[in-house]
Structure formats: C-alpha cells, structure tokens
Amino acid sequence: MKGKCPDCSAEIEIADDSIEGEIVVCPDCGLELEVKKNATGKIELRQITIEREDWGE
Ligand SMILES: [Zn+2]
C-alpha cells in the first residue's frame with residue numbers, strides 16, 4: 001500500500017496492517033504524517049501540525 005506525502009507528493013510505503021494514528025515519516029522531506037482511514041477504508045496520510053488548530057471533536 002502506498003500513501004502520498006501531502007507536502008512533497010513523494011510516495012510513501014505504508015504497511016498493509018498499519019493502524020489509524022500510526023506515524024510515518026516522509027523519506028523525502030522528513031515530514032511526520034499520521035495514518036488515517038477515510039470513510040471507504042482507504043489509507044490516507046495526514047500532516048501532523050505542531051501549530052494549534054481546530055481538531056473538531
Ligand atoms: Zn514529503
């Protein structure tokens with residue numbers, strides 16, 4: 001399974017048994033990304049922001 005870095009668009013290998021909330025680091029730009037599953041069960045990578053923001057819930 002592959003994900004895409006939202007910052008540099010590098011392809012990142014994600015293990016098939018990755019769980020939501022797992023942290024992966026982009027090998028290209030070093031950005032930390034959180035594994036997320038969307039409504040269809042597809043794995044997505046989401047940038048972890050250090051700045052405070054509204055997380056919803
Ligand atoms: Zn990247």
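Biologist: How many residues lie between strand 4 and strand 5 in the hairpin they form?

Modeller: Strands here are DSSP runs of E, at least two residues, numbered from the N terminus. In this case five residues sit between strand 4 and strand 5, and glycine 41 in the turn has a positive phi of about 85°. Bear in mind that this is a predicted model, where local features need pLDDT of at least 70, side-chain atom pairs count only at pLDDT 80 or more, and totals for chains, interfaces and linings use all residues. Residues are numbered from 1 along each chain as its sequence is written, and side-chain values use heavy atoms, with hydrogens and water left out.

Biologist: In which sense do strand 4 and strand 5 pair?

Modeller: Pairing takes at least two DSSP bridges between two strands. Strand 4 and strand 5 (residues 43-47) are antiparallel, over five bridges, and glutamate 34 stands opposite arginine 46 in strand 5.

Biologist: Which residues coordinate the zinc ion?

Modeller: Donors are N, O and S atoms within 2.8 Å of the metal (3.2 Å for Na, K and Ca); water is not among the atoms, so sites may look incomplete. Here the SG atoms of Cys5, Cys8, Cys26 and Cys29 coordinate the zinc ion at 2.3 Å. Their sequence spacing is C-x2-C-x17-C-x2-C.

Biologist: Is cysteine 5 buried or exposed?

Modeller: Buried means under 20% relative accessible area, exposed over 50%, and partly exposed in between, using a 1.4 Å probe and protein chains only. Cysteine 5 is buried at 2%, and so is cysteine 26, also at 2%. Cysteine 8, at 32%, is partly exposed.

Note on methods: Helix = DSSP H or I, 4+ residues; strand = E, 2+ residues; numbered from the N terminus.
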